[in-house]
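Subject: Structure handover

Hi,

Here is the structure I promised you. Please open it beside this email and follow along.

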Amino acid sequence: MRNTLLTLSLCLPLSVQAADISALSEEARRLIAPLQQALQQSVQQAMQQGGALQAVASCQIQAPALTAAHSPAPWKVARTALRVRNPGNQPDVWEQQVLQRFSDRAAAGEPLPGMHEQAIVDGQFRYMQAIPTGQPCLTCHGEKLSPELAAKLDSLYPADQARGFKLGELRGAFTLSRPLESP
């Protein structure tokens, strides 16, 4: 992480220092945990109420609402992946590059939990944190989906690419951005 901060500070305007980047990174990390918990609770509750079919239907509505609710101004908080379920979550160019680096780092043996990157891109502070595929994720994102669940996913997400994951694989990432403060 220190090397990343040093590299970033060499490319930044004099008004943005490594300490600023470190503080923004810490703030971004603090924003992820409550969103992650809210998303997990929402899915767990829907699973308890009606199984995987209910969870998928609920997630389609709840995930965007929860993400918006956990995006305090000036932050924009989202999720993205190399293989998205919702086409509205397609990664931009920087996110695509970071996701590919996450994938490469994981393939080289680096653990996904806690994997993150930050940068200044077009006047924005950008932060991404990897999301590993956990056991609960496999119900709707794994290799073996029930025919009923596959049909439900096909109806809600006709362009769904977020299937076939294995435990521990890179599922996607939380992605956060905010404009830099003017000096």
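Let's start with one arginine. Arg-85 counts as buried, at 10% relative accessibility. Buried means under 20% relative accessible area, exposed means over 50%, and partly exposed is in between (1.4 Å probe, protein chains only). Arg-85 is found in the loop between E1 and helix H3 (93–107). Helices (H or I, at least four residues) and strands (E, at least two) are DSSP runs, numbered from the N terminus. Arg-85 and Arg-163 are 78 residues apart in sequence, yet 8.2 Å apart in space, C-alpha to C-alpha.

Some ground rules. This is a predicted model, so local features need pLDDT of at least 70 and side-chain atom pairs count only at pLDDT 80 or more, while totals for chains, interfaces and linings use all residues. Residues are numbered from 1 along each chain as its sequence is written, and side-chain values use heavy atoms, with hydrogens and water left out.

Next, helix H2. H2 has 52 residues, but its end C-alpha atoms are only 29 Å apart. A straight helix would reach 76 Å at 1.5 Å a residue. That expected span is 1.5 Å times one less than the number of residues. Where does H2 bend? H2 bends at Gly-50, by about 135 degrees. The bend at a residue is the angle between axes fitted to the seven residues ending there and the seven starting there.

Now the largest pocket. Its volume is about 1200 Å³. The search ran on a 1 Å grid over the protein atoms alone; a pocket is an open set of points where a 1.4 Å probe fits, with protein on both sides within 12 Å along at least five of seven lines. Grid points are joined across faces, edges and corners, and the volume is the space filled by probe spheres set on the points. The pocket is lined by 44 residues, meaning residues with an atom within 4 Å of a point. Leu-39, Cys-59, Arg-79, His-141 and Arg-171 lie nearest its centre. H2 gives the most to the lining, with 13 residues.

On to the rings. Rings of Phe, Tyr and Trp (its six-membered ring) pair if their centres lie within 6.5 Å; planes under 30 degrees apart count as stacked, over 60 as edge-to-face and the rest as tilted. By this rule the count comes to 1 aromatic pair. Trp-75 and Phe-125 form it, edge-to-face, 6.1 Å centre to centre with 85 degrees between the planes. Trp-75 lies in the loop between H2 (18–69) and strand E1 (76–80) and Phe-125 in strand E3 (124–132), so the pair ties together parts 50 residues apart in sequence. Trp-75 is buried at 5%, and Phe-125 is buried at 0%.

Last, the backbone. A cis peptide bond joins Ala-73 and Pro-74, with omega about 5 degrees. Asp-122 has a positive phi, near 50 degrees, in a residue other than glycine. Asp-122 is exposed, with a relative accessible area of 77%.

Best wishes
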